[in-house]
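Please look over the sequence and the model shown here before reading the report.

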Amino acid sequence: MMKKKSIPASKPLLILFLCQIISALDVPLDSKLLEELSQPPTITHQSPKDYIVDPRENIVIQCEAKGKPPPSFSWTRNGTHFDIDKDAQVTMKPNSGTLVINIMNGGKAEAYEGVYQCTARNERGAAISNNIVIRPSRSPLWTKEKLEPHQVREGDSLVLHCRPPVGLPPPIIFWMDNAFQRLPQSERVSQGLNGDLYFSNVQPEDTREDYICYARFNHTQTIQQKQPISVKVFSMDSLNDTIAANLSDTDIYGAKPVTERQPVLLTPTGSTSTKVELRGNVLLLECIAAGLPTPVIRWIKEGGELPANRTFFENFKKTLKIIDVSEADSGNYKCIARNTLGSVHHVISVTVKAAPYWITAPRNLVLSPGEDGTLICRANGNPKPSISWLANGVPIAIAPEDPSRKVDGDTIIFSHVQERSSAVYQCNASNEYGYLLANAFVNVLAEPPRILTPANKLYQVIADSPALLDCAYFGSPKPEIEWFKGVKGSILRGNEYVFHDNGTLEIPVAQKDSTGTYTCVARNELGKIQNEVHLEIKDPTMIIKQPEYKVVQRYGQVSFECIIKHDSTLLPTVIWLKDNDELPDDERFLVGKDNLTIMNVTDKDDGTYTCIVNTTLDSVSASAVLTVVARPNPPFDLELTGQLERSIELSWIPGDENNSPITHFVIEYEDGLHEPGVWHYQTEVPGTQTTVQLKLSPYVNYSFRVVAVNKIGRSQPSEPSEQYLTKSASPDENPANVQGIGSEPDNLVITWESLKGFQSNGPGLQYKVSWRQKDVDDEWTSVIVANVSKYIVSGTPTFVPYEIKVQALNDLGYAPEPSEVIGHSGEDLPMVAPGNVQVHVINSTLAKVHWDPVPLKTVRGHLQGYKVYYWKVQSLSRRSRRHVEKKILTFRGNKTFGMLPGLEPYSSYKLNVRVVNGKGEGPASPDKVFKTPEGVPSSPSYLKITNPTLDSLTLEWGSPTHPNGVLTSYILKFQPINNTHELGPLVEIRIPANESSLILKNLNYSTRYKFYFNAQTSVGSGSQITEEAVTIMDEAMASRQVDIATQGWFIGLMCAVALLILILLIVCFIRRNKGGKYPVKEKEDAHADPEIQPMKEDDGTFGEYRLFSFVSSAPF
């Protein structure tokens, strides 16, 4: 089922007029259509009803109208036809009804005063303007009058009358002096609504001779000045002879000192008055009172409240102003003037009347032949206005009759109209306060359908959005509209479409398959017309990577991403905003293709950044917040309160945390008395705390500062607090780290850590040093020393224990009793050597040494341990002496044995033992000799293989560098290696120790051999050395191979083999790059040098070769 919906079309399809009945036609404001349709005249512009003109300038009375055909214009003046052709001073503008009356070339404005009315007429009717009353402005001069000086007693009231000339429009009044300066006004002196200047009470400073009233006539831009008024204020106290001479006896007798008076109203007079105001105007009520002291004015509305939002007080509350008054504002308004002596009031009865105002103004009516319609004219006012109708400017009672028309009071009813029923009707609503005049035409049209939407118009819509396809039309009678899709498509129906009364087709949710050509058909009884439009559906624009919330430190760099996806046929534009405004004009902001980068970020960059992507069809946006963080600003306003001898309260105001919460505050102090300029840590408190109770020490001139800390770092320190000097006291503590250590055998050096300045608690810091020998019934020996950290006691026995204590004192007394520490006098070298030194050889490289401890009394100091000195005397295998290198092993504490590692086998050693204290080493014990047994030898120093033949090799070697005993023999092992690196049977030969060469015979020709060679002692075999060598090839075979090599077929075969090998190498290289492996490790282990390969005849056999080579594997 088709939906009907009455909403505006998506393109400009404006409704000119709307009739009150359903059958009225809507006429679109299409310029081409309006040029073709007939239309009665409509007044589009006219001069105001009350038109005050400048008599020095030309008078322009405006009257503009439109219609089809264009209307002609005529005027009436004072109710009769105004023939402009007979007046040379009057012209009418071309294609207009506007009159221009030429005053500047000799015309008199007064001659053209009157009531003018314009009529615009064409074949379809006549429209008329309002009655325009033309009046020239007037700014008459002040009438001459003799102004007597005002002599007023101090405290009396005074009214200076202005009485300006009557002008048109009324002038604006203000008071100034001879220097053209406005006279100051106040609650005491003010100007009334009538222009008079009121003094509630005069003062001596009011005396002056230049009170001047000015009248400004805005229309003629002139100012008229009244003669100056003189005011003289006198008092009885200052009355002099000159003034007395000018006063009569009665005046003098009646003069009294200034006395206070209760209020009296200067205006309005009496206790009540009335005021009539028109609806919509501004109501001004005034009360000005005399009295001393100056009265204060207050306003109330009896039985109600003053209207809120529309009530204002002016002129020091002497004037009540209510804007846009309505009938509800009628009532009694009371002003009350009050001072300390009493009050007076006045009641103003306000009545709000109303000139006519529209409830329903008549509207133009466009009908088709045979249709019905109505014109309604409803107005209100106070008193209620009367309604009268005119047809084409003529009272309807005497206008030509129209059978389709019936007048029923404020309504005209039209039935079954015809084209001749077209006319312009005027409704006049009037009462004693004014009138309203409205033109409304009835236009009867018979027109075939017209489609106003351009043909083949292209609509582009984003997918899943509504598509609105226009079909703006006009016809009389109103055409019916149908829509089709495609060239031969069927009529569109169903819930997926919405058909609007203005012809628009709406697809609520357009999809890709909605793309295509759509046809709109309009038909009525006079004809039929159609129009095609085209619809394209585009992919929506999306932000696939939106900017994200960022936190960045001040002076850092930040980047927001905005990656978009859009329809390929649409050209997007990307705009970045900061806080919904343009980005700052700053080179730090770098806008890239899909990002925004901000360099050197500052606090001002904090805010919301929005990426907006616009195409011609849609717009998307995404926002992210940038938070700029930094170290906190320093605290400020440090304040010290609650000062006590040992405590004080410190408070402060935190600085800006710069978007990173303050975690804690660090409080530091400076001692201006002892360490000025040096700040020390005092304490810290949580970041939510801004006060702290601080413990203080005596005799310190404290200053405090506070450092705020957040996750970014520490703030700058605050400004220091005021200084606070605590009172002196005796020390609370004694020196720490007291020690007694002798530097010589006959002294005791007592040391301690001096108290810091603030620990002294007062002036005159000293130390009482006391000592006595421990375990001896001696008295304490004491000495008081200055502020030092060491004292030396001389003449002490060597290394005896002492009890020591150090006590602080100052000018106010001693610190608490100190604790005792144990020290020792100076050490001396030990007196005796360890005895009974024994050595037990464990193996050829390790021995264990034992000794007896020395008596503690002979140590003469702190026993630190024993040192064992040992050295190699000679090797037993070579009997050769060498440089002696002593080695030292230290054994801490009271140990009596130790291990000697790293000895050389088959060698002779000596050692001695010494005791050690803090002073040094004691005497050495007698040297002890011990020998190490044999060990296995090192590898032979070298192995050379020379003189290769067809079946023999010569081996030469050197003896081991370290035989570690008596050599008994050499062991030689060898085995052949084939070309696949496989090892043949192993042959072993034992060689006497005195030999240094050997010829191996009966070997295979052209065969590689691997040799293993090592030396032996009685303990066992040493490490081996390896070598490889190859026997040479048979000469006849070599000659035969050469002959084959010269043959062509063999050369071709070898080339093919080489090519095949090259291909295999390439394949292996590719496999290796792809991670392939092949077994070379085993070959490398079996053959140290893979470049030396024997020629292969048969796999798994040892061939005979004449070539010779070898590889050395011996260590260098």
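## Basis of the model

This is a predicted model, in which local features need pLDDT of at least 70 and side-chain atom pairs count only at pLDDT 80 or more, while totals for chains, interfaces and linings use all residues. Residues are numbered from 1 along each chain as its sequence is written, and side-chain values use heavy atoms, with hydrogens and water left out.

## Disulfides

Six disulfides are found in a search of the whole structure, a disulfide being a pair of cysteine sulfur atoms within 2.5 Å. With the bonded cysteines numbered in sequence order, they pair as 1-2, 3-4, 5-6, 7-8, 9-10, 11-12.

One of the six joins Cys63 to Cys118, with an S to S distance of 2.1 Å, and at -70° about the S-S bond this link is left-handed. Distant parts of the chain are linked by the pair, since Cys63 lies in strand 5 (residues 63-68) and Cys118 in strand 10 (residues 114-122), 55 residues apart; strands are DSSP runs of E, at least two residues long, numbered from the N terminus. Cys63 counts as buried because its relative accessibility is 0%, where buried means under 20% relative accessible area with a 1.4 Å probe and protein chains only.

Five strands form an open sheet in the order 49-57-56-52-53, with mixed pairing; two strands pair if DSSP finds at least two bridges between them. Strand 49 (550-553) and strand 53 (581-582) are the edge strands, each pairing on one side only. Strand 49 pairs with strand 57 (residues 619-629) in the parallel sense over four bridges, and Gln553 stands opposite Val629 in strand 57.

Note on methods: Buried means under 20% relative accessible area, exposed over 50%, partly exposed in between (1.4 Å probe, protein chains only).
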